[in-house]
Amino acid sequence: MAMDQARSTISKIFNGEPRSYTRFNLTQNMEGDNSQVELKLSSDMDEEVGGNGVAEHANHQSHQSYISKPHQRAPRNVCFMIAAILLIFVIGYLIGYLAHRKAEVASPGCASAVSTNGDDEIIIQTETVSTLDWSDITGLFKSKLTKDSIEKSLSEFSSDSHQAGSPGDEALGNKVLKRFKDYGMNSWTDEHFVKVQNSPLSGANRVTFRNKTYAESGFLSYSALGSAQGAILYAYYGEMDDLRRLEDLNVNAAGRVLLVRAGKISFAEKVANAASVNASAVLIYLDPADYTLDRDTDLFGHVHLGCGDPYTPGFPSFNHTQFPPVKSSGLPSIPAQTIRASTAATIMGKMGGRDPPRGWADGGLQMYKLGGEDDVASVEVNNVLIEKKIHNVFGVIKGFIDADRYVVIGAQRDAWGPGYAKSTVGTSLLVELARTFTEMINKDGFKPRRSIVFASWSAGEYGAVGATEWLEGYLNSLNMKAFSYISLDGTVRGFNFKASASPMMYDLIQSTLKEVTLPDDLNKNIYSQVAGSSWEMAVMDPIRMADSAYPFQTFSGIPSVTFRLTSDKEYPFLGTHLDTKMNLENKIFRIGPLVKTAGEIAGQMALRLVHDHLLRLNVEKYSNIIRAQVAQINKEVYSLQMSNRIPKTLKMQWLMSAMGSYSRASRKLTMLIQNSDLQDSEQCRIINDRIMGVEKDLLSPYVSPRESPFRHILLGSGSHTVGALLSHLAAIKEGSASADIDLLKNQFALTTWTIQSCANALAGNVWEMDNQI
């Protein structure tokens, strides 16, 4: 090729033809990088090249070239030949010089492109990536995340009073902001004006039973207000299975005041379940068998079956924004109140009626009865609805390649009381991770590909209000930008690892546990304690509405994880004023080392997500989940069709086809990932976009975010979910009055098309989609 170019050049010089562009492409591998050098030598007068461009033009020239015979060369032509050879030598030297310059400009972790424009100006484009390998990064991280520094932060951010919107909450927010600024991070705050319920002006709500009134200082925010009466009915934990058990015993819960234990499900779910059977009110207490606390301990919480400000559902609570008068569908319709264990013991001791089912009496009270029709109680709730200004605080470490893509690490800052385990540990970890990462960048040369956003949320105790309002306010900005959320709330309560997360993050969690040890055994990683074919069953819990990561996962479609180091018996002090450093120390003995372990788990997950070329999120995990759900639906449909309860015109074919489409698309993407060139940044970005889109594409586009904010069809809540479809099939099987064949058909169609649309987007380009449907 070089000789052909030389002959062509010499021929053109001999024949006096106009000079055209000459291109020299030099591709070389230098320290693992694919680099390209392109040099253009322009003529004094550019030619317009028509047809097929330069190649066609060169072809045309070669056909008309006249080559002189040796004996016909004049001395003048010999001079031209010598000049041409010198020109070729100069060009070769210039190419070598440019290549050498490229090696000097690009560091070992860089991919560069060097070219010259028409004016011989050298243009250098450089991509900077970390020169540290993964073992270097994790070693640095663990050495810089020190127990001493963590304990200083725990001391600094400990506060006895920092309820959302209070001066104590604002003071802690300012401390976090100052830390972010001290680390040299870009930092900012945003404020929201939210409506919350606080305790009544009198300081207590009231429960009256057998002519005795009990003043209760604890309260449940967002309860229905006013008074309600009814005979007390003991309903165990208030789960739907418990209420069905009562129904099987021919005990009618309608009009009754349900007395239920705290635990197993959230307060909001207990109240929603009670309302579904037409109970008149709910009383919730801490049973001594579950919570070894002083029996006069007050209990706090909220009963909004949702997240965020329930008076601006689907909208952000910014100041001066006008909203129509609307409330969240998750607000309860009946009063709900917490009572002390001592009050519950007194009431239960005076109740009559039958004995409860087996197992329900295994508690810490002296006696358990279901309650009789004459055990009438009155519940009076006078909570005050107020507007509060809250602040979220943010800091960002910008990535060096894909700076517009980021993982969010967040922690709740407020608490009902001291909130040491609930919020102090998380807030301290948040600032310590920020410090550690910035030091790794500034002092050790770590260069994350993507950005990390650190967020300190307020009003978490009212149902992730601060975080949800941020999501609602910046939903479009976060779309295809935020690719994961890691929650630090309540991470340290014991020694055993538990997590709730997007299935796409399971592999990331597994690999992280293999690299982190507990402080009492540095030679044994956490994964080895739960290793086996069923490690997911041992470690992973379903993500629930009470989890702080829930709105990120099911409202915004951001793969999320919340985790905790816990014990077999739940930490008893959450939601009380007894969540103090002393009580946490009495529970786990050594706070600092365990907080460091929790920090290593969160930090290494974040580092993986911002360091690797391709996001460590496994899209094939949803294939198994969808397949299991569809198999269960198919079994129920077949059974109902055989008993003629649903028409045989309802076909499973299309839903099963959508399942197959997703399975094939995810498998093909996995194969593409395995065969991809990690040095091709554009290809990596395209693949990452397809990975990031999966959770968002599983949000149902057929329901309103205002009416059904948690739109994820597999993990969310509402009539659009696969779980709701299965529940509807169960209602038809039971002959329930709520059964509706037309609604069932609609659920089938929308579920099918949501899965198929997700599969289409995962497949990539429109011509690569599986269009069997």
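Ala, Val, Leu, Ile, Met, Phe, Trp, Tyr, Cys and Pro count here as nonpolar, Asp, Glu, Lys and Arg as charged, and the others, Gly among them, as polar. By that scheme, the second largest cavity is lined by 5 nonpolar, 1 polar and 2 charged residues. The model is predicted: local features need pLDDT of at least 70, side-chain atom pairs count only at pLDDT 80 or more, and totals for chains, interfaces and linings use all residues. Residues are numbered from 1 along each chain as its sequence is written, and side-chain values use heavy atoms, without hydrogens and water.

**Cavities**
- A cavity is a set of points, on a 1 Å grid over the protein atoms alone, where a 1.4 Å probe fits but cannot get out; lining residues have an atom within 4 Å of a point.
- Points are joined across faces, edges and corners, and volume is the space filled by probe spheres set on them.
- The whole structure holds 5 cavities of 30 Å³ or more.

**Strand pairing**
- Strands are DSSP runs (E, at least two residues), numbered from the N terminus.
- Two strands pair if DSSP finds at least two bridges between them.
- E9 (residues 226–234) pairs antiparallel with E14 (residues 376–381) over 6 bridges.
- In this pair, Ala231 stands opposite Val376.
- E9 also runs parallel to E10 (residues 257–261), joined by 3 bridges.
- Here Leu233 stands opposite Leu258.

Key. Helices (H or I, at least four residues) and strands (E, at least two) are DSSP runs, numbered from the N terminus. On a 1 Å grid over the protein atoms alone, a cavity is a set of points where a 1.4 Å probe fits but cannot get out, and a pocket is an open set with protein on both sides within 12 Å along at least five of seven lines; lining residues have an atom within 4 Å of a point.
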